[in-house]
Structures are given as C-alpha cells and as structure tokens.
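Hi,

Here is the structure I said I would pass on.

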Amino acid sequence: MTDTTQIKTTPSALTRLWNSDVAWNFRRSWTARISSVLILILFAAALFAPLLATQNPYDISQLFLLDSELPPAWIEGGDPRYFLGTDEQARDLYSSILYGLRLSLIVGFASVALAAVVGISLGLLGGFVGGMVDGAIMRVADILLSFPAILVALLVNGIARGVLPPERHADAAIWVLILAIGLTNWVQYARTVRGSTMVERQKEYVQAARINGVSGMGIMLQHILPNVLGPVLVIATINLGMAVLTEATLSFLGVGMPATQPSLGTLIRIGNEYLFSGIWWVVIFPSVVLVALVLAVNLLGDWLRDALNPKLR
Amino acid sequence: MTLLTVENLTVAFPGRSGTVNAIEDVSLSVSPGEILGMVGESGAGKSMTGAAIIGLIEPPGRIAAGEIRLEGQRIDTLRPDEMRRIRGRRIGAIFQDPLTSLNPVLTVGEQLIETIQTHLKLSKDEARARAIDWLRRVGIPAPEARIDTYPHQYSGGMRQRVVIALALCAEPRLVIADEPTTALDVSVQAQIIALLRKLARETGVAVILVTHDMGVIAETADRVAVMYAGRIVEVGPVAEVLTAPRHPYTRGLMASIPRIGARPDVLPQIEGAMPRPHARPAGCAFAPRCPVRIEICGQTRPDLTGHATRSVACHLSEEVPA
Amino acid sequence: MTDPILTVTGLKKTFDLSQPFLTRLTQGGGRKYVHAVDGVDFTIPRGTTLSLVGESGCGKSTVAKLLMGLTQPSAGSIRFDGHELAGTRAGQPPAVRRRMQMIFQDPYASLNPRWRVARIIGEPMKSFGTHPDPVARRKEVDRLLEFVGLSAADGEKFPHEFSGGQRQRISIARAISTKPEFLVCDEPTSALDVSVQAQILNLMRELQRELGLTYLFISHDLAVVNYISDQIGVMYLGRLVELAPADRIFAAPQHPYTRLLLDTVPDITMAHRDMDRPAGEVPNPITPPSGCHFHPRCPLANERCRAEAPVFRAHGDSQVRCHAVQEGRTDPMPLRKAG
C-alpha cells in the first residue's frame, strides 16, 4: 500500500540546513555572500574590540593630550601608533571605532530583540484571540505608527532623563536607548505576526489541534508560532540596520551615548564639530563604518526576503 | 488539414538538482472544430502543454525541443510581442478561476469591447453590438442591461460564461481551456460543459480542454490525450479510449473511478503515486506501478505508436487486448 | 436501525453577517443573517456511513464543524452515544471527544508543516492522555504508520516530503490514534487525484470493517458517496431535502433537487452527452427564496411551494422535504430524458 518505499536515514539538522533552498540560494548569490562576509568582519571586530584595539578609549590614563588631533598615519604629521589618527581628546580613532561599533551593535541587537519579543507576543495574541484584545493592541499600534519613530525615541529618552538623577544619565544611556528604539519598532512585528496568525488560525491543522483538546496557549506557541516566524526573521534583519541608524541619529543629536562612551553616532557628532577646522578624519572613518554596516545588513535582509519568498525566485 | 500541430515538444525547468523536464516529447494535433481533451493527474504536464502552446511558460522554464505550428506557422519561436498578438486573436484562453481572468474595475462590456477592438477592425458601436451578441450566445440573460455591470455582480457560473465570451469574441481559431469547470458547482459545471460544446460546433473553433476530470472529458471531448509523468501515454477518440483503454495506466484510471450504479466491495486501485519530475525512473515512467510490466519496461521508454486514430505508448500495446 | 451512535435533532447555525453597529447606524441597512444550517435531523447507526452531499453553500461542512465543536450551534441537539454535545467546545469533554475524530479536505493544510510526522500523529494521544509515555506513544505511532500503509521510518520526516495521498494517510493515522468510534470526513478525497482517491476510499472502507468505525462523510461527488455510504442526505441551502438509504437515492430519487444532482454528474459512459442541462445556480444564502428554497429551479413548483416551506416527512424508505412528493405530484418516471 505504500506509495514509495524509501529507506533513508533522517538527515541531521545541519545537513538539512545545508540542503535547504535558502542555503542553496545563498551559495548562488554574490550580494548575500559579500554582505555576510562584511557583517561577519564587523561583528568580529566588535566582539574582539578589547583585543584588537591599541588603547582603551574609556581609560583616561591611556590618553596623552599631546597626541590630540593627529591625522591618519599615512598623512604627513601622522603617528604610526595612531593608524586612523586621533580626536581632540587624543583618543585613537581606530580603537574608538571598534568600541563604538560594539556599543552600536549591542544597542541594535538588544532593541531588535526587545521589539521582536514584544511585537511577536502582541501580534500572536491579537491575531489568535481577536475581538477586543486585538482591537486594543492594534489601536495602540496605530497611534504609535502615527508618530515618527525618532520622536517616540526622543520622548522615552526625555522621560528617562527627567526621572533619573543626572549622575546616573551616563550609565543609564544605553538602557534608555534600547528601550526607546525597541518600543518604537515592535509595531511592524506585531502587524506581520498578527496577519500570518489570522491566516494560520483558519488552517485545518489548527482545527485538528482544537478537536484534540489542545489549549489555546498550546496552539499559539506550538502550532502557530513556528509557522509565522519566517517573515519575522526578515524584518529583524532589516530592523537591525534601522536600529543602528536610529541609535546613531539619537547619539548624533546628543541624546544618545555620552561622549565618555562614544558609539558610532557619538563619534560622528564629535567629528562633525571639527570638520571645518580641517580635521576630517574624525567624522569620515566612523561614518564609513556605519554606512558599511547598515548597507551590508540591509542587503542581507533584502536578499533574505527574496530567498524566503518562493514567488520571486 | 490540421489547425495545430505540436511535435516532440519538451519543456525544461533548470533547477537546483539539474534540469527537469516538465513535459517530454509531446506530439499532438488538433483539427478545426475539434475538442481535444487533455487529461492527467496534477503534475502530469497537461497544463504545461497548454501553457507552451499559448506561449505562457513561466521563466526559467523554456521550450527545450520540438516545435508548435498553428495553421502551418511556427509559433514557438516568435518574439513575445508577436506572440501577444496571436494570443487573443488566434488563440483564446479560459482559465480555472473566472475571478482572476476578469478585471474587477472594468465593466464586462468594457473588457469585451476592448478585446474586440484590439483584434477586429470595428467601430465602438459595432463592437458593443458584437459584445452584447456574445453575452447572449453564452447564455447571459438580458445582455443589453448586464453588459454595463461589473464582474462581481455576476454569479460564479455567469462569470465563467463571461470568460468564455471574452476568449471567443476575437474569433480565435483555437481556445485553450484549462480546468474551466473545476471551480464551479456540479450543476453549473454541466451547463458550462454543454455551452463549450455548443459554441465549438457553432463557431468551428477548436478547443484544447485541459482537465483532471474524466467525466468532463467524456461529456465534452471528441478525442482525448492521456498524460502521465510529462508524456502522452494514449491518444484516441473519446469513446474508444474510455470504453476500451489500452495503456495500463488508462485502464487503471478508468477502473478506479467510482461510478453511480456500481457498488464494488473494493474499488480497483493503482498502487503507488505518479513520480515527481526529478524522480522519474528510466524506461517507462509507469513501470513501477504497472500490473503487467515486463523486463524491458524498466529499461527502454516506449514510444507513442499506433495507427490512424489510436496511439499508445506501451511495450505491450500489441499484446494487450483492446 | 438499531443502536444509533449519533443523533442530531433540529440543528441550526446562524451566522451574523451584519455590518458593525456604528456602520449600520450611519449608513443604514439592517442586520443580515445566514442560516448556514437550518434545522437538520439525522441519526447514524453504529458502524455505518451517512453521507451529506450538496453544492457549495449548502451547509454540509458547517454540520461537520458543529459536530466537532469547532463552532457552536444556534439551536438543536447533538447526542453522541448518550452524551449531549451541543454547547461544548472542541475537545471537551475529553472522555467523549476522544471518541470522535475528523479527517480534513486539504492534505496540505491539515498537517502542521513545521512538525515531524511522528509528533503530528502522536498529538491526540498526548493531549487526550491515552499514551502519556513518549516511548509507548512512539511505538503506537509506528504501528499506526504501518497500519495506514506507510513505514515506521516515515515518522521522522516532515509533511512536505509526502505526496497528497500519503499525507491523507497520515491524517487518517492521526484521526484513528485515539481509538475513536466516529469519524467526520470532510471531502477527504476531493483534493486528490483519481487514482489516489481509490486508494484512500479503499483504506477507509477497510478501517471501517476492521475497527467498526462510524462515518459521517461529506462530499459533493455523488459517485464517491455511492461507493462509501449506507445512507445519503442531500442538502440544499442549509436544509436536508432528502435522506434515504444509498441504493434508494440512486434507484428512486424523490426530491427534484436530488434528481437534478444525479442528472448533472458527468458520466464516463458518455450516455447522456448533448442532453439538456438543468438551468440555474444556487441562490445567495443571505437572501434565500421564500417557501421551499428550491422552488425557483424546480420544474414542479406551484403557489404552495413559493409560499410555504415543506416539512421533512417520511415517504417510503426515504424522508423528503417536498410538497410535490408529499402531494403525489411528481411524475414517477425517473430522471434522464434521453438526448
């Protein structure tokens, strides 16, 4: 009675991943390969910043004011100890960028994770339960969407600064940033997950689970959640770029990371003030790294969206 | 004189695990006024054959071999813009879902008149009169009033009638009808089948009717081509193929259809399932499921051979009693 | 007709399709209802098959959902082996619901694509607690896989690795995993190819014989229904119009709609091509015709049919909802006018 008799051992998860359509697509796409190599390099640089850096820019004892505003090493007047030059506080720009990249990525990842967890939970709940719960969640989402994200982030930031004592501002900055960016970005996850949940909820495998007495929570978490995560992955990737940019914008505006713990955005802000005095390197190098990071992440996100959408292939 | 000839047509899709042939070595011909049924399971290649004839194979699929001639002219090598002129004017199309074949923001009349004027040299008023006439012919009541209404104001069956009018209004020589009744209720399905037959007889248009439903073929077609795993396995006049099938697949298929009036204890069934395109066996693709296979079936692919009107692709076609 | 396992009386389901209150207030328009199931009665004896046939919108699938508790009836009673189920939710009470299972139409949507087959088949056993121990459960899954014609190794695979027919076997294995007595089968073969359909129908018959199952079989295909049923109920716009033993439906159809359905079945013997086709389509269920819903398409309709809804009444072996049949106005000669 069998349709085919295949005696095949089940491939491991890794083999299945390697054989999957997405992996196959990845191996054929130059965009995906180049951008992921770039991302890996930048991630590694951020992760191993303390090992790769020539000095700790947070440690004032390592700074020598005599060395301030040195140009990059290959330009006349440059110092081989400071490959990319120094800023007005004599911080080595190369080391500052590594540490700044690290902060930018921490804020980016943490805020994306926060937005995803909040958005997925609310979207799943609204899409599955429907009715008043759904209405309430979606109205909040609508209201949030009608503010520019940066405005909401500024608002959260402002409240945090008002509530916290001034001496805690520097320490709390990173948490405030994560909260501000995370809370402005969950709407997109919630809407996507809600839409897919409403589609999945109607499918017969969900009806089968209901017939078999599986609880609403069990259906949501075990049946529907795994089936709505595909698009979330794409949003999360693209949002990482957005989050890094938002962080940079906030820091550039002076409401993000303080000058004592510079992120890429803070470095650009500091550099911007010296641009007209001919000290171009302080603004250019962090900007290049920021652009490269965001571009690579967005390219990878775009590729992932296409690769996961069979209709575009 | 034949209207359409397809010779040794192969449609290939490059994919991950090499190139896969959706259809292989398909040859057929259609005469004016004839209804040729193409029947087969999903994935057998019947829709792909229709799409190839009408020049609508989705890239990266392409015609890898063979040729298609309409009234003697090769049409498989035409440029897309030349093919677009042939579609509608000389080859019409009817698809499964009437909703997606009609433009929801244009009235039925606007769509008909536009199609008529694109392909025939007629004034607006003449085209409108022609459109009303077509609506009447496909059985739309009060066509003068309904011509100015939108597709969503029609019921499913009426919509499919409009699609038929749209396919026929430019007076094509050939119509490809891909599962035209599948989305409809049974009582409406019967009406659409009868309408197709009537119009083919009246206008002399040839129809290639693609369907998975033997009943629809039996009620509509003059000849039938049975497809299996990308190839035609049997062709012949409908009455002969249905009552005396010669390919083991056709015989198994006919036997497995439940019938009104007969209540056997066990339905005859074909074991197994049709192989997917990338997993077709060497030799005859039906051999693994075939109850009468012999050694050669696993090694050599049988050609479609026969005489005059009946052809069968089976090594045993001579021995098998008709 | 002894030992009914399922008795349905006066079953109704009304869907409210009205616009939201504010929209109705500002734009006018009253409340709109669809009587998807409008007073259905039937009884299924243990170990037999009742089929419900009809065209789209006749309410046959809604009946299936009502029986399984996937949607709640507006009125009426569903008694399963002495237990009243109207008003209980799907899966509740577990001790009773374990004994009723369902096979769905679409073998691609009825299995969770992210789950392995063994987990899919094991879910009811886990949820209803019939096999709480994972090892014993897995053993039972392997047995079920082989029972429906697959191999135990298939449990490690994902649904997309199977063909439509094989998936429907997996669906069946899941449905029989809790040793149910009653299966609702909602068009289980309509998404399958003909040669595979025969395999699934044969498997279902075999299961019925071996496990003593009772089926409620829902289909639009009279030929399939003919093969599998003991009784057949014909539905039209939410109402049962005829309910009779299967052989009677085909030998002596009573209701004009039953006759129409039989007339429109495409016939592979080609005996009836070129005959006149019954005209008309199923009306919109939101605004059903007055009186007997079928009267606009009925050749026997008169004033009474337009004004007064007929009741469901026994007529020989059959039960029929038709004034003409009850008044003896039908011409006794059956169906087909030769073409």
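Where chain C meets chain A, the contact takes 30 residues from chain C and 20 residues from chain A. On the chain C side, the elements that each give two or more residues are α3 (94–97), β6 (100–103), α4 (117–127) and α6 (164–175). By type, that side of chain C divides into 13 nonpolar, 11 polar and six charged residues. Keep in mind that this is a predicted model.

Staying with chain C, there is an open sheet of four strands, in the order β2-β1-β4-β5, with antiparallel pairing. Its edge strands are β2 (33–45) and β5 (83–84), each of which pairs on one side only. One pair to click on is C:T14, whose bridge partner in β2(C) is C:H35. Helix α2 (residues 60–68) of chain C lies across β1, β2 and β4 (75–80) of that chain, and runs at about 70° to β2(C).

Now for chain A, and a helix pair in it. Helix α5 (residues 93–129) and helix α11 (residues 264–274) of chain A have axes that come within 7 Å and cross at roughly 130°. From α5(A), the contact is made by A:S96, A:I97, A:G100, A:L101 and A:S104, while α11(A) brings A:L264, A:T266 and A:L267. The residues of this contact divide into four nonpolar, four polar and no charged.

One more residue to look at while you are in α11 of chain A is A:G271, which is found in that helix. Is A:G271 buried or exposed? It is buried, because 22 other C-beta atoms lie within 10 Å and the cut-off for buried is 20 or more. Leaving out residues up to four places away in sequence, A:G271 touches A:V282, A:V283 and A:P286. As for A:A248, A:G271 is 23 residues from it in sequence and 13 Å from it in space, C-alpha to C-alpha.

That's what I have for now.

Cheers

Conventions: Residues numbered from 1 in each chain as written. Chains lettered and ligands numbered in written order. Predicted model: local features only at pLDDT ≥ 70, side-chain atom pairs only at ≥ 80, totals over all residues. Axes fitted to C-alpha atoms, helices over the stretch in contact; angles between N-to-C directions. Contact = placed C-beta atoms within 7 Å. Nonpolar A, V, L, I, M, F, W, Y, C, P; charged D, E, K, R; others polar. Pairing = 2+ DSSP bridges. Buried ≥ 20, exposed ≤ 12 C-beta atoms within 10 Å, placed from the backbone.
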